[in-house]
Amino acid sequence: MADSGARTHQGENLLFLTDEQLRKGIEAMFFAYRGFTADPDRILLQYGYGRAHHRAVHFIHRAPGTTVNNLLEILGVTKQSLNRVLRALIKDGLVDSRVGTRDKRERHLFLTEAGAALERELSEAQRNRMRAAFRDAGPEAVAGFRTVLEQMMDAESRKLFNALKEGA
């Protein structure tokens, strides 16, 4: 521990990072994201899909029956963009869109069996990568990583994230 009470890692004071240390962190995030998305990207390519399709499938799986409006809020995309993604997923038999029972204007989204199989394949690739990284980094690093990610979220994103955690 440093005299100031700040936690240190390899001699770096973590409360007073230099611009160079921050730049290295930013670059690490870029390369980590590239690695995190590489395996799913290869799978999605077989379907002619992109990352927007992956995110939609992921969050429909996490909250079966979610509404289109809720998914719009979670993904933070335009209605036009989401409709394009959903149209393809529905046409290809991966997502089922059902009219709401209380409000006929609402559409509730569910993964079909084929959609659930795709979600498992995509998630398994990412779980394997994260599991290996977490195992190698150790429990203290994992806890710190999660804290950093949550602190990087804006208030609205953190609210949406916490709502998903509670529904886990």
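In strand β5, Phe110 is the bridge partner of Asp96, and that pairing is a handy way into this predicted model. Local features here need pLDDT of at least 70 and side-chain atom pairs count only at pLDDT 80 or more, while totals for chains, interfaces and linings use all residues. Residues are numbered from 1 along each chain as its sequence is written, and side-chain values use heavy atoms, with hydrogens and water left out.

**The sheet**

- β3, β5 and β4 form an open sheet of 3 strands in the order β3-β5-β4, with antiparallel pairing; strands are DSSP runs of E with at least two residues, helices are runs of H or I with at least four, and both are numbered from the N terminus.
- Between β4 and β5 (residues 107-111), the antiparallel pairing runs over 5 bridges; two strands pair if DSSP finds at least two bridges between them.
- β3 (66-67) and β4 (95-99) stand at the edges with a single partner strand each, so one side of each has no neighbour in the sheet.
- Phe110 also has a charge over its ring: Arg98 lies over the face, 3.9 Å from the ring centre (this requires NZ of Lys or CZ of Arg within 6 Å of the ring centre and within 35 degrees of the ring normal).

**Aromatic pairs**

- The count comes to 2 aromatic pairs, where rings of Phe, Tyr and Trp (its six-membered ring) pair if their centres lie within 6.5 Å, with planes under 30 degrees apart called stacked, over 60 edge-to-face and the rest tilted.
- Tyr47 and Tyr49 are stacked, because their ring centres are 5.7 Å apart and their planes meet at 10°.
- Tyr49 is buried at 8% relative accessibility, whereas Tyr47 is partly exposed at 38% (buried means under 20% relative accessible area, exposed over 50%, partly exposed in between, with a 1.4 Å probe and protein chains only).
- Phe134 and Phe145 pair edge-to-face, at 5.9 Å centre to centre and 65° between the planes.
- Phe134 belongs to helix α5 (residues 113-137) and Phe145 to helix α6 (residues 139-152), so this pair ties together parts 11 residues apart in sequence.
- Phe134 is partly exposed at 23%, and Phe145 is partly exposed at 35%.

- Glu119 sits in helix α5 and is buried without a salt bridge (a side-chain nitrogen of Lys or Arg within 4 Å of a carboxyl oxygen of Asp or Glu).
- The nearest side chain of opposite charge to Glu119 is Arg127, 5.1 Å away; Lys and Arg count as positive, Asp and Glu as negative, and His and the chain ends are not counted.
- The Glu119 side chain does make a polar contact with the side chain of Ser123, at 2.4 Å (a pair of N or O atoms within 3.5 Å; within protein, one must be able to donate a hydrogen and the other to accept it, and residues adjacent in sequence count only if both atoms are side-chain atoms).
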